[in-house]
Amino acid sequence: MTASPIVLGIESSCDETGAGLVRDGRLLGHAIASSMDEHARYGGVVPEIAARAHVHALTPVVRRALDTAGLSLGDIGAVAVTTGPGLSGALQVGLAGAKSLAYALDVPLYGVHHLAGHVAADTLEHGPLPDPCVILIVSGGHTSLLLVRDLARDPIVHLGDTLDDAAGECFDKVARVFGLPYPGGPAVDRAAREGSARAVTFPRPLTGPGDDPYAFSFSGLKTAAARWAEGHADGELPVADGAAALQEAIADVLTRKAVAACAAHGVDTLVVVGGVAANSRVRALAEERCRAAGITLRVPPLGLCTDNGAMIAAVGDLLVRAGAEPAPLDVSIDPSAPLEYAALHPVTTFERAA
């Protein structure tokens, strides 16, 4: 039986430049370069800085991924790239590089939805996704509950999404109020180790009777945390307690709704993915509640939770093996693409006219 082609995946949607190599569901090697330190002084990602960093990092990152896998460019049989959502300039850099490689190597190109990449990241550690499974995506810009069957072939069903701030955005913004460094999620996680989650009572948004059981809202929680911090303006702010309480509130809402979604839809596997899946309390509480409910929990290793090229290669590998059509030559980007399918092959009206 002939092995599937080796898929090179390229990720450049935000501040990480990633390249990964996958064949038949197995990760062969990957590499990441981050421009996070350049953004830290501004308290968030600056799109123009990110795009320029991708220009400088893309070729070295692809070379490092190939070296890690012991491969050369000639071994690549397909290229997959994030075409959305994300920062427009950053996405353009990755797509331009992917198109160049696919053209030079005369191999097919696949556009990939960034969030589908996060979902597929788990398969590199735990194997194929069960059909069906519930996916909880938690990141800086997205918080969603999904029902997934065949990731490469079937439409992705949204059970619920955030109505305003995503969980990661809440972490970042509250961390800044607390005087913690960027990125806020890891900083809150570290500070929370020295605090008590019971010291402050923060709200659990959209968890009351009559609320949408699968929708999320973190704007009110962000405001509540900011008001609490303002209440200590004349004294020392107990940052560790605030961080622990904030983390507990977010983890409580996320895991409560995710486990409820599994029970309601008769699904026995929950997969938690995205940057916030690296949060220690989210992981611990998800494990505790899944165990109590008889649900299998799957979470990617820490290195595959944040943005990376391996997850994009994983989707490309699934698409290749499913016999999906490659992207057209004039494939473009969609910075605000909704998550409907794993493949994302947008073509702009301007490019069609040209």
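Which element gives the largest share of the lining of the largest pocket? That share, seven residues, comes from helix α6, where helices (H or I, at least four residues) and strands (E, at least two) are DSSP runs numbered from the N terminus. The model is predicted, so that local features need pLDDT of at least 70 and side-chain atom pairs count only at pLDDT 80 or more, while totals for chains, interfaces and linings use all residues. Residues are numbered from 1 along each chain as its sequence is written, and side-chain values use heavy atoms, with hydrogens and water left out.

The largest pocket has a volume of about 1300 Å³. Of the 43 residues that line the largest pocket, S139, G140, G141, D172 and Y182 are the closest to its centre. The elements that give two or more residues to this lining are α4 (114–121), α6 (167–177) and α7 (184–192). A pocket here is an open set of points on a 1 Å grid over the protein atoms alone, where a 1.4 Å probe fits, with protein on both sides within 12 Å along at least five of seven lines; lining residues have an atom within 4 Å of a point. Grid points are joined across faces, edges and corners, and the volume is the space filled by probe spheres set on them.

Strand β9 (residues 269–273) is largely enclosed by the rest of the structure, because five of its five residues are buried (under 20% relative accessible area; exposed is over 50% and partly exposed in between, with a 1.4 Å probe and protein chains only). In a regular strand the side chains alternate between the two faces of the sheet. On β9, T269, V271 and V273 are buried on one side, and L270 and V272 on the other.

T82, in strand β4 (residues 76–84), is buried, with a relative accessible area of 0%, and its side chain makes a polar contact with the side chain of E11 (2.6 Å). D131, in the loop between α5 (123–126) and β6, is exposed, with a relative accessible area of 53%, and its side chain makes a polar contact with that of R149 (3.4 Å). A polar contact is a pair of N or O atoms within 3.5 Å; within protein, one must be able to donate a hydrogen and the other to accept it, and residues adjacent in sequence count only if both atoms are side-chain atoms.
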